[in-house]
Each structure stands twice: as structure tokens, then as C-alpha cells.
Amino acid sequence: MRRRLLLSYLTITVLVLVGLEVPLGFSFARSEHRRLEESVQQDAVTLAVRSEESLETPPEAGGPAELQALLARYEHVSDDRVVIVDAAGRLVASSEPRGEPTRDRDELGPPEIARALGGHQSAGSRYSPELGGDVWFSAVPIESGSIILGAVRVTHPLAPVENRIRDNWLLLALIGGSVLAVVSLVSLLVARSVTRPLADLSRTAARLGGGALDARAPLPTGPAEVRLLAQEFNTTAARLEELVGAQRTFVADASHQLRTPLAALRLRLENLETEVDASATDDVDGARAEVERLTRLVDGLLALARAERGAAAPTDVDVAAVVAGRRDAWLAFAAERDVELEARVEPGLWARARPEHLEQVLDNLLNNALDVAPSGSTVTLTAARRRDRVEIRVLDAGPGMTAEERARAFDRFWRSPGSPSDNGGFGLGLAIVRQLLNADGGTIQLQSPPSGGLEAVIELRAGRPVPGARPPSPASTPAQT
Ligand SMILES: Nc1ncnc2c1ncn2[C@@H]1O[C@H](COP(=O)(O)OP(=O)(O)O)[C@@H](O)[C@H]1O
Ligand SMILES: [Mg+2]
């Protein structure tokens, strides 16, 4: 957009400059030439009239001397070169502005002198070997009535005129160049004042789309339309933040409110168990199991709502310590299913995250992996540095997922059609995982490795080592959602 604006300004400027300057330059050149031609012509005619009488005077009476004196006076006021010949074409007088001796030679030969002696005026330009350049000449007959007494030819060098014309072209080019430079600068500023706020706006829109609901566009000082757009955008973003915030608050509050009656319900069921007879025990057990499920669902919803609200800021987390802690926490659960739990972490690996987020993420992924891992298989946890990111992978040897399922897996309440209904899942685990990672500036992807199974790939920003950081307690029980 900026380039296009610049290009259009510059094209218009160049067109205007060419349209103005080229005719100006040519008209200057023409007028300079005409002025020279007219002045040379006028000088020739004047000299012809004034030398008429002297030419009629015989040499003994001082005619040629008079002419030479006339030319000497003329030389003072002009750098023209004048040649006067008599009717026979013999040189009578000549001016030599450059001090060369007057020579009686081919001067009489040129065709313009012959034409003048024939009674015709002529003018034109030709190369003069004496001046080493082009000259403009004008030759006129000297007449007395109808008798031709001789001819005058005036020549003037063209070089000064050509120099003036060239200087004029240079001046025009200089003016054009300066105008173009000023226009470039101004149009760059104008284009920037339009495109910068738009770029800001698109960056803010991208941030908002990425989940940063508090992102607002800076109000530009540029064009009113762009400012209005930014204002409208901010209003929309504020409204969106409000709506989403209200919804999250509702979910969090509702989940929280549900926990108390659920706890009471469980307590009552436990009491009931001791009081009912054997035939009803199964029903009470079933009811208790349902209450447990419901409690986990409410806990999951609460976790999701909390993750979306994102409280404290991410810190530097010792990845090896967290991974080791989560592995230890899940070892017993894995052993129960006869599954190996292996962890390989690059030494000295630190990530930017909230430690409790990373723990919950790993818990959910390990829970999923152990749910599907066939007995005798291995679930592998690896972590490594990738440039300015930290990559953590959880690989299982289960049935894996199709591309379609992987695309839907992060939706809330989505569970694959074949997944068992008895493992307590609600389809919230991966939604929570993604929300927690996004809150910390991380990402997650599900991949199908060629070896089969499913591989969850987490990426977090790399962190800086914190000396003497307290490792998370390895004994904390795994959270299940
Ligand atoms: N490691 C895995 N292998 C195969 N399927 C998986 C794996 N992890 C998750 N899934 C599928 O994705 C669905 C959604 O997972 P999740 O969001 O954790 O919900 P839940 O575990 O509560 O069912 C699961 O129901 C399961 O079908
Ligand atoms: Mg799960």
C-alpha cells in the first residue's frame, strides 16, 4: 500500500515535470537561437547600409580605410566577425576579434558571399575551422539603388548560445530533481501516516484474534478515517472482552457454586451406605460414582475458567524438575496398567510458563496417553531446546487419532466416538491443556508418528536458568480431568 501510494505520487510528479520542463527548455533554446539570428542579421544590414558610401569612395580617397575604421569601432561593441568584399569579391575590410591577421583567402569563396553579390541575403550555420566550432552567419549585399557595390558577411560563434541552452537544461533538471526529492519525502510521510496506523491496527487485530482480549489499537494522529476505524475497533474489542469475561465469570461462579452441594451430596450418600440394606448397596455405590464424576466435571470446568482468566504471569520453569515430578506422580498409575513411563530431558532446560500450568498440562497428556497405552508398551516424555523455544513431547503406543479427530480434539466436550465412557473423561482435558499453554505463550499440536500411536508436541518460550530454584514437589498427586 505504501509503495503504491508513493508510486502514484511520483508518477504524477514526473508527468507534470516533464510536461512543464521539456516545452520550457525547447522554447528557451528556440528563443536564444532566434535572438542570435536576428542580431547577426540586423548587424549585417546596418553595416551594409553604413559601408555603402565608403565603398563608393575610391581607395585613393580613403574608402577602405574608412571601412576598416568602421569595423574597428564595431569590434568594440561586438564579438562578431565581419568581412566586407567589393563587387568583384575582393576583401576590402575585415575584423579579427581574436587578433589573427586578416588574410585574403577563401573568405571570398564561400557560397553565401557569392549569393550576396548576386543580390540575395542568406543566413545559416556552418562549421568554422578558425573558431573550432559552429558559427551563425548572415550575408547581405551592399547596394546603391540597383547597383551591387559589394557584400557584408557577419559571423557569430554558436558556442556561447549552446552553452547557455545547456546550462538552462541543467537548471531545469536540477529543479526537477529537487521537486522530485521533496515530493518523495512528503509522499513518504503522508503514506506512512496512513499505513502505520493500519499496520498497528492489523497487529492488534491479530493479537485479539490470538486470545489477548485486552489488546487495543493505539489511536493514531493520522487521517480521521483511520482514527475512526481504530476507535471502532477498540470499542468492539472492549465489548468482546466484556462479553467473554462475563461468560467466563459465569462458568467459574457456577462451577464453584456447584462444588458445595456436590460435597454435601457425597457426604449424605456415604452416610446412607451404612444405613441401607444389601439390596440397595449397588445403587448407592452407583450414585456415589456418579457424584464423583460430576465433581470431576465441575473441577474441570473450574480449571478451564481459571486458565482462561490467566492470573499470575509466567516465570522461568525448570523443565527437567517438572517432568521428573509428573513422571513420579504417574508411575504407580502406569505400573497398574503394566506400562513403562520413560522421561528424557535435555539438561539445563528452562521454559517460560506458570509451573502449575505446565504440571496440569503434563498431567492431562499423561492421563490420555496412559488411558490408551496397551499393556507392555512405553509412554515416552522428551524435552529439548529448539532455538528460542522448548519442545516437550508425550508419545504413546495407543491407537492414535485420524487427522479429522486431531483437528477436533481440542474442542470442549469432544471425545472420539470409540473412546470408553467409563474412564471418567468429559472431553475437557485437551481444551484445558490448550488454554493453559496459550495463557503462557505456548502451543500444542497432536501428531501421528510413523511408528503409530499419538504424539502430543508442546512448545513454550525458552526461559533463563534461575539459580537455586525450588523444584516442584514430586509427590503431588496427579490431577485427573
Ligand atoms: N493419546 C491419545 N490417543 C488416542 N486418542 C486420544 C489421546 N488423547 C486424547 N484422545 C482422544 O481425544 C479425546 C479428547 O481428549 P480429552 O480432551 O483429554 O478428553 P477426555 O480425556 O476427557 O476424553 C479423548 O476422548 C480421546 O478420544
Ligand atoms: Mg483426557
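**Figure 1. Glu391 is buried, with a relative accessible area of 9%, and its side chain forms a salt bridge with Arg393.** The model shown here and in the other views is predicted; local features need pLDDT of at least 70, side-chain atom pairs count only at pLDDT 80 or more, and totals for chains, interfaces and linings use all residues. Residues are numbered from 1 along each chain as its sequence is written, chains are lettered from A and ligands numbered from 1 in the order in which they are written, and side-chain values use heavy atoms, with hydrogens and water left out. Buried means under 20% relative accessible area, exposed over 50%, and partly exposed in between (1.4 Å probe, protein chains only). Arg393, at 21% relative accessibility, is partly exposed. The N to O distance between Arg393 and Glu391 is 2.9 Å. A salt bridge here is a side-chain nitrogen of Lys or Arg within 4 Å of a carboxyl oxygen of Asp or Glu. The pair belongs to a network of salt bridges that links Arg386, Glu391, Arg393 and Glu455.

**Figure 2. A salt bridge joins Glu292 to Arg266.** The closest N and O atoms are 3.5 Å apart. Glu292 sits in helix α6 (residues 278–309) and Arg266 in helix α5 (residues 224–275), so the contact ties together parts that are 26 residues apart in sequence. Helices are DSSP runs (H or I, at least four residues), strands are runs of E (at least two), and both are numbered from the N terminus. Both side chains are partly accessible: Glu292 has a relative accessible area of 33%, and Arg266 has 28%. By the salt-bridge rule, the count for the structure comes to 24.

**Figure 3. Glu342 and Arg344 meet through their side chains in a salt bridge.** The N to O distance is 3.0 Å. Glu342 is partly exposed at 35% relative accessibility. Arg344 is also partly exposed, with a relative accessible area of 48%.

**Figure 4. Five strands form an open sheet with mixed pairing.** The order is β7-β9-β10-β12-β11. At the edges stand β7 (340–345) and β11 (443–447), each with a single partner strand, so one side of each has no neighbour in the sheet. Neighbouring strands are turned by 15 degrees against each other on average, direction ignored. Such angles come from axes fitted as lines to C-alpha atoms, for helices over the stretch in contact, and run from 0 to 180 degrees between N-to-C directions. Strands β9 (residues 378–386) and β10 (residues 389–395) pair in the antiparallel sense over 7 bridges. Two strands count as paired if DSSP finds at least two bridges between them. Leu381 stands opposite Val394 in β10.

**Figure 5. An antiparallel open sheet is built from 5 strands.** Their order is β2-β1-β5-β4-β3. The edge strands are β2 (91–94) and β3 (122–128); each has a single partner, so one side of each is left without a neighbour in the sheet. The twist averages 25 degrees from one strand to the next. In a regular strand, side chains alternate between the two faces of the sheet.

**Figure 6. Strand β4 pairs with β5 and with β3.** Strand β4 (residues 133–144) runs antiparallel to β5 (residues 147–157), and 10 bridges join them. Ser138 has Val154 in β5 as its bridge partner. Another 7 bridges join β3 to β4, also antiparallel. There, Ser122 stands opposite Ala139 in β4. The hairpin of β3 and β4 has 4 residues between the strands. Gly132 in this hairpin takes a positive phi near 65 degrees.

**Figure 7. Val82 lies in strand β1 (residues 81–86).** Val82 is buried, at 0% relative accessibility. Asp43 is 39 residues away from Val82 in sequence. In space, their C-alpha atoms are 9.4 Å apart.

**Figure 8. Eight residues line the second largest cavity: Pro197, Asp200, Leu201, Ala217, Pro218, Pro220, Val226 and Ala230.** The volume is about 30 Å³. The structure holds 2 cavities of 30 Å³ or more. A cavity is a set of points on a 1 Å grid over the protein atoms alone where a 1.4 Å probe fits but cannot get out; lining residues have an atom within 4 Å of a point. Grid points are joined across faces, edges and corners, and the volume is the space filled by probe spheres set on them. Helices α4 (159–209) and α5 each supply at least two lining residues. The most come from α4, with 3. The lining divides into 7 nonpolar residues, no polar and 1 charged. Nonpolar covers Ala, Val, Leu, Ile, Met, Phe, Trp, Tyr, Cys and Pro; charged covers Asp, Glu, Lys and Arg; the others, Gly among them, are polar.

Conventions:
1 Å grid on protein atoms, 1.4 Å probe; cavity = no way out; pocket = protein on both sides within 12 Å on 5 of 7 lines; lining within 4 Å.
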